[in-house]
Amino acid sequence: MAAVTQDTAVSTGRFTRALIYLTLLLFALFYLLPLYVMGVNSLKPLSEITGGNMMALPSQWTLDPWRSAWSTAQIGVEPTGLKPYFLNSILMVVPAVAISTIVGALNGYVLTKWRFRGDTWVFGLMLFSCFIPFQIVLIPMAVVLGKLGLAGTVTGLILVHVVYGIGFTTLYFRNYYASFPTELVRAAMIDGAGFFRIFWRILLPVSGPIAVVSVIWQFTNIWNDFLFGVSFGGTSQPMTVALNNLVQSSTGVKEYNVHFAGAILAALPTLFVYIGRYFVRGLMAGSVKG
Amino acid sequence: MANEVDFRTRLQDWLPKLVLAPSFAVTLLFVYGFILFTIVLSFTGSKMLPKFTWVGFENYHKLFALPAWHTAIVNIAIFATLYIVICTLIGLMLAIFLDQKIRGEGVLRPIYLYPMALSFIVTGTAWKWFLDPGIGLERIMHQWGWESFSFTWIKDGEMALYTIVIAAVWQTSGFVMAMFLAGLRGIDNEILKAAQIDGASNWQLYRRIVIPLLRPAFLSAFVILSHLAIKSYDLVIALTGGGPGRATEMPATFMYSYTFTRNQMGIGASSAVIMLMTIAAIMVPYLYAELKEKK
Amino acid sequence: MGFLDIRNVTKSYGPVEVLHRIDIAVEEGEFLVLVGPSGCGKSTLLNMIAGLEGISGGEIAIKGRVVNGVHPSKRNIAMVFQSYALYPNMTVGQNMTFGLEMHGVPKPDRDRALADVAKLLQIETLLDRKPGQLSGGQRQRVAMGRALVRNPDVFLFDEPLSNLDAKLRVDMRTEIKKLHQKLKTTIVYVTHDQIEALTLSTRIAVMNKGHVQQLGTPKEIYDTPANLFVATFMGSPAMNIVPATVEMQNGQPHAAIADADGSIRHLRFSQANLAEWAGKSIHLGIRPEAITDPEGADRKSGNIQPFTNRVTVTEPAGSDTFVTMTLSGKDAIARMRADAAVVPGQHFDFAINMEKAVAFDPATEERITP
């Protein structure tokens with residue numbers, strides 16, 4: 001991230017400034033509202049929701065909805081809680097993010113530092129693949145996963161997410177490496193380093209910032225994916241699909257507090273990564289001076 | 001090169017292409033091959049499983065005769081328009097406000113941005129219950145003493161679509177704000193100083209100088225938002241499930257239900273092709289221009 | 001055969017040929033400067049010597065070995081880049097020994113070579129720093145150190161001084177020259193700065209539009225430019241080019257030019273064969289320092305011609321005063337001593353050293369050789 005700090009500020013009167021602060025605060029409340037609702041209501045007994053006010057703090061604090069959402073709530077037909085699905089998501093996300101980021105880094109390196117005739121076309125084709133509506137590949141993907149025996153497996157989901165993720169990771173690394181001086185690569189060539197050695201010793205050590213961006217992007221996208229999960233998840237459904245099943249289930253009493261606890265559970269990893277990013281950025285701003 | 005080339009140089013020439021080849025092959029097969037497959041399917045009489053009996057444009061005729069598809073088209077048009085316009089307006093306003101040397105910008109920015117990190121399913125769950133008249137907003141207002149307050153949009157076939165707009169705007173307007181803020185911070189301050197010396201008022205300054213300079217940010221925002229709108233599936237499923245009835249049917253939910261639950265794969269495929277064509281009409285010129293520029 | 005031979009080399013991108021049959025033989029210990037405006041092909045040629053760009057035709061040989069198609073690292077060359085191209089993640093020491101490491105040189109030998117070069121360039125104290133912590137001049141030294149450590153057959157410099165500020169550039173120029181005199185290495189140096197070319201080189205190749213316009217020692221290039229391009233590109237301020245007619249007076253060829261008031265004046269040529277051009281138009285080339293006041297004229301010259309003309313502008317530049325006048329309708333500049341009593345708008349008695357004057361054929365733009 002470029003450290004651009006200049007403001008496009010204009011001088012404004014007192015009244016205008018007050019109005020600006022008021023608007024900004026109101027919007028902050030608007031954005032925080034659902035988080036507050038989920039948090040507060042996941043910590044009260046169901047009776048306080050159905051019989052009380054959603055905006056009120058719990059009068060009787062309890063962690064039972066969280067316990068229920070995690071390990072006993074009815075998901076589909078089994079009272080397993082969200083735990084196994086959370087694990088499915090982890091098992092899917094970690095390899096898919098790692099593979100797509102590594103492949104994207106290599107692709108970006110080739111597309112900027114080893115350019116060849118037609119490379120823009122290759123990149124253009126890969127880039128467009130990021131923006132297709134995935135509905136267009138659902139049917140053939142289901143057929144292919146079935147043929148490969150990967151339908152309903154975590155491996156199948158990893159494959160799908162890698163395939164449709166490398167377009168974005170390639171884009172990120174390509175744009176990042178494009179501003180990396182090509183003279184450095186040439187100097188390393190003269191020094192006798194080959195294709196992989198240049199990547200490993202010269203480019204990779206300075207790829208930290210973009211690797212962070214790529215990992216966060218992929219992590220968020222894959223963790224939050226619903227369409228592929230519901231289409232190809234089978235018995236290995238990810239967290240989002242399980243949460244939807246929990247919330248939409250039409251049998252029994254609607255346990256809103258459990259739904260909210262489940263929703264926060266589904267949101268925690270990405271929120272954690274998101275907050276982590278701010279933290280990392282702060283750290284880096286302190287260390288990479290000069 | 002006419003002369004002998006040593007092995008190392010030749011290997012170094014081939015390695016990059018070898019490294020890129022698997023990704024390219026995968027893209028060709030899983031993206032472009034699959035697109036072709038779906039296009040072919042849309043011209044076949046496939047029901048539950050793909051089969052290759054040619055039926056010409058029959059699926060497309062059927063598709064456009066279906067009231068559900070008609071609803072989906074009208075809904076996506078209303079939804080996309082409102083979603084894009086409102087997100088852009090809120091995003092631009094917040095960006096300009098945040099750019100006025102605001103104390104606490106460092107706190108406000110992450111608050112505006114965090115919804116983008118959430119799954120649409122989470123967003124849908126939160127808003128579904130918050131907007132539910134039985135336990136959510138309406139009841140809160142009643143308990144706070146506003147007895148006549150009524151807010152039943154989510155249960156109302158006419159209005160349910162607008163609850164999706166609310167939740168979608170909540171999720172992405174902060175992200176649009178970030179795009180505009182980046183654009184604003186990229187504007188050369190000296191241009192603004194010059195305009196102020198020329199006697200432009202704040203309003204004129206933004207309307208005549210700053211906003212025109214943000215053109216690239218507007219374009220990016222439009223492209224990303226329209227793309228998100230057309231793909232929107234999860235949020236509809238989580239918030240309204242396409243209901244009440246079929247009131248909030250969208251092309252994405254239509255495609256899924258016709259393909260996988262109603263066993264009308266041919267029609268499902270043709271609806272997917274229409275979606276692709278719509279997105280391609282927006283994305284291809286944009287990507288083409290972007291790639292051209294960077295060359 | 002030279003130490004570095006460039007024989008008939010061409011470069012094409014598709015159907016477009018950007019370098020046309022370049023022929024240069026560089027002797028061992030020579031300092032060859034490739035100079036020319038941007039886009040003339042000088043950097044392309046350097047990259048071809050380095051092996052960073054392919055050779056479309058002809059061949060390049062180093063120490064008698066043809067290196068077409070040989071990987072850059074196997075040519076025993078070292079290169080100093082315009083941006084210095086220091087690896088940002090490595091310390092200065094690691095930067096300098098990276099090439100040796102890649103070539104499998106054992107650590108003790110690398111350390112010894114590093115210590116020697118660091119001492120030579122006086123950068124011993126910088127070895128543990130990262131490039132980001134260095135000043136421009138220090139980076140420049142490290143980049144040269146990285147090249148020196150390799151002890152290559154040929155050093156290639158790609159505009160190495162153009163990222164430095166004016167004062168530092170002059171200092172580093174001297175430094176590079178000292179280094180070359182001390183180490184007697186073979187250097188090919190690319191620059192667009194003609195002063196760098198003249199001060200540093202033992203020979204200069206002036207390039208334009210993919211052709212070598214002239215190859216020669218700095219003195220040859222400066223005193224006897226092969227054509228109008230070389231004449232105007234080399235030297236600052238540029239050589240005055242004035243349209244003139246050759247007329248015979250007393251059996252001697254004279255240049256007839258108009259002064260600021262429009263009257264025709266005659267200046268006798270030292271070059272006898274210009275008699276063949278009697279009655280024809282030429283371009284007369286006179287360096288600014290060949291137009292002076294009579295006291296400042298070169299005493300060794302056997303052909304100083306007086307010339308009175310009106311002064312348009314004077315520009316005192318400390319050590320010299322540049323005086324602009326009109327000759328045959330064109331602006332011409334004279335380089336005068338700082339204390340010369342010239343006043344804008346008034347007439348002044350100049351002295352023109354016609355021994356230094358050159359004549360060009362207006363049709364071919366080539367110099368008319370004696």
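In chain C, strand 3 (residues 31-35) and strand 9 (residues 203-208) run parallel and are joined by 4 bridges. Helices and strands here are DSSP runs (H or I, at least four residues, for helices; E, at least two, for strands), numbered from the N terminus, and two strands count as paired if DSSP finds at least two bridges between them. This is a predicted model, in which local features need pLDDT of at least 70 and side-chain atom pairs count only at pLDDT 80 or more, while totals for chains, interfaces and linings use all residues. Residues are numbered from 1 along each chain as its sequence is written, and chains are lettered from A and ligands numbered from 1 in the order in which they are written.

### Strand 3 of chain C and its partners

Let's stay with strand 3 of chain C for a moment. Strand 8 (residues 186-191) of chain C also pairs with strand 3, in parallel and through 5 bridges. Leu34(C) has Val190(C) as its bridge partner in strand 8 and Ala205(C) as its bridge partner in strand 9.

| Strand pair in chain C | Direction | Bridges |
|---|---|---|
| strand 3 and strand 8 | parallel | 5 bridges |
| strand 3 and strand 9 | parallel | 4 bridges |

Why is strand 3 of chain C largely enclosed by the rest of the structure? Of its 5 residues, 5 are buried, so the rest of the structure largely encloses strand 3 of chain C. A residue is called buried if 20 or more other C-beta atoms lie within 10 Å of its own, exposed if 12 or fewer do, and partly exposed in between, with C-beta atoms placed from the backbone. In a regular strand the side chains alternate between the two faces of the sheet. Both faces of strand 3 of chain C are covered, with Phe31(C), Val33(C) and Val35(C) buried on one side and Leu32(C) and Leu34(C) buried on the other.

### Two domains in chain C

An automatic or database domain assignment supplies the domain bounds. It divides chain C into domain 1 (4-233) and domain 2 (240-360), whose centres, taken over C-alpha atoms, are 39 Å apart. Between them, 6 residues of domain 1 of chain C are in contact with 5 residues of domain 2 of chain C; contact means that the C-beta atoms of two residues, placed from the backbone, lie within 7 Å. On the domain 1 side there are 3 nonpolar, 3 polar and no charged residues. In this scheme Ala, Val, Leu, Ile, Met, Phe, Trp, Tyr, Cys and Pro are nonpolar, Asp, Glu, Lys and Arg are charged, and the others, Gly among them, are polar.

Where do the buried residues of helix 10 (residues 195-203) of chain A lie? They are Phe195(A), Ile198(A), Phe199(A), Ile202(A) and Leu203(A). They cover an arc of only 110 degrees around the axis, which puts them on the same side of helix 10 of chain A; the arc is that of the directions from the helix axis to the C-beta atoms. An α-helix has 3.6 residues a turn, so residues three or four places apart point the same way. Phe196(A) and Trp200(A) are exposed on the other side of helix 10 of chain A. The buried residues of helix 10 of chain A pack against helix 4 (83-113), helix 8 (166-178) and helix 9 (182-190) of chain A, together with helix 1 of chain B.

Chain A meets chain C too, with 14 residues of chain A in contact with 19 residues of chain C. Helix 9 of chain A gives the most to the chain A side, with 6 residues.

### Chain B

Chain B has 13 helices and 0 strands. Of its 295 residues, 41% count as buried. Its contact with chain A takes 79 residues from chain B and 69 residues from chain A. Helix 1 (residues 7-41) of chain B gives the most to the chain B side, with 17 residues. That side divides into 56 nonpolar, 16 polar and 7 charged residues.
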